[in-house]
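Dear colleague,

Please find below the structure that I am handing over to you. My notes on what was found in it follow directly after it.

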Amino acid sequence: MTLEYASSILHWRNLHYHWGINEIIMFKQSMKFLKNYHIFQNMQILFGIVMCSIGLKAFLIPNGFLDGGITGIALLLNSIFEIETSISILWRTSPYVILAYVYLSKKVALKSLISIFILSLFLFFENFSPITDDKLLISIFGGLFVGIGIGITVKNGAVLDGTEILGVL
């Protein structure tokens with residue numbers, strides 16, 4: 001049951017005082033479904049953030065590999081100027097979040113801002129020792145974890161890197 005169906009029942013010819021018990025039950029079930037769906041969607045976004053941060057902190061960053069987009073620029077600035085990666089990600093993605101607010105929606109911009117903030121917190125506080133020294137395994141598993149994290153997050157309406165907003169546009 002979707003919100004559109006429940007809304008059409010609610011607003012159909014402004015006769016909401018003629019509802020029967022079945023319509024009321026269906027409306028309540030649809031609202032419960034939507035609440036559970038948003039919780040599930042936010043949990044998937046959190047899982048994507050964790051996957052991306054594991055890929056970055058356990059594989060790519062300790063071994064000197066770079067990622068693409070704003071995250072890659074932040075990693076490059078960290079290696080050259082010793083600027084903290086998480087802080088650099090936060091302030092470099094702000095123009096892209098504004099773009100998302102203007103061109104996509106307020107919801108996507110808010111979800112993206114929260115996701116980027118949580119990713120920055122994870123990158124700041126997580127500490128992993130390098131898992132392997134093999135460059136092939138680092139690139140495969142680092143890319144796999146980061147790619148799965150970004151894919152899950154984008155699928156659920158948020159982004160972890162500012163340049164992904166350009167891809168969504």
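**Aromatic pairs, core and surface**

F141 is partly exposed, with a relative accessible area of 35%. Please bear in mind that this is a predicted model.

The ring of F141 forms a stacked aromatic pair with F59, at 6.1 Å centre to centre and with 25° between the planes. Because F59 lies in helix α2 and F141 in helix α7 (residues 135-155), this pair ties together parts that are 82 residues apart in sequence. F59 has a relative accessibility of 6% and counts as buried, because the limit for that term is under 20%.

The structure holds 3 aromatic pairs. Another of them joins F124 and F125 edge-to-face, at 4.9 Å centre to centre and with 90° between the planes. Here F124 is partly exposed at 44% relative accessible area, while F125 is exposed at 60%.

Beyond its neighbours within four places in sequence, C52 is in contact with residues including L119, F145 and L160.

On the surface, a nonpolar patch has about 860 Å² of accessible area together; among its residues are Y101, L104 and L169. Helix α5 gives the most to this patch, with 5 residues, whereas L169 lies in the segment after α8.

With kind regards

Terms used
Residues numbered from 1 in each chain as written. Predicted model: local features only at pLDDT ≥ 70, side-chain atom pairs only at ≥ 80, totals over all residues. Heavy atoms only, no water. Patch = residues over 30% accessible without salt bridge, like charges linked within 9 Å, V, L, I, M, F, W, Y side chains within 5 Å. Areas by Shrake-Rupley, 256 points an atom, 1.4 Å probe, with all protein chains shown as cover. Salt bridge = Lys/Arg side-chain N within 4 Å of Asp/Glu carboxyl O. Helix = DSSP H or I, 4+ residues; strand = E, 2+ residues; numbered from the N terminus. Contact = heavy atoms within 4.5 Å. Phe/Tyr/Trp six-rings, centres within 6.5 Å; stacked < 30°, edge-to-face > 60°. Buried < 20%, exposed > 50% of the residue type's maximum accessible area, 1.4 Å probe, protein only.
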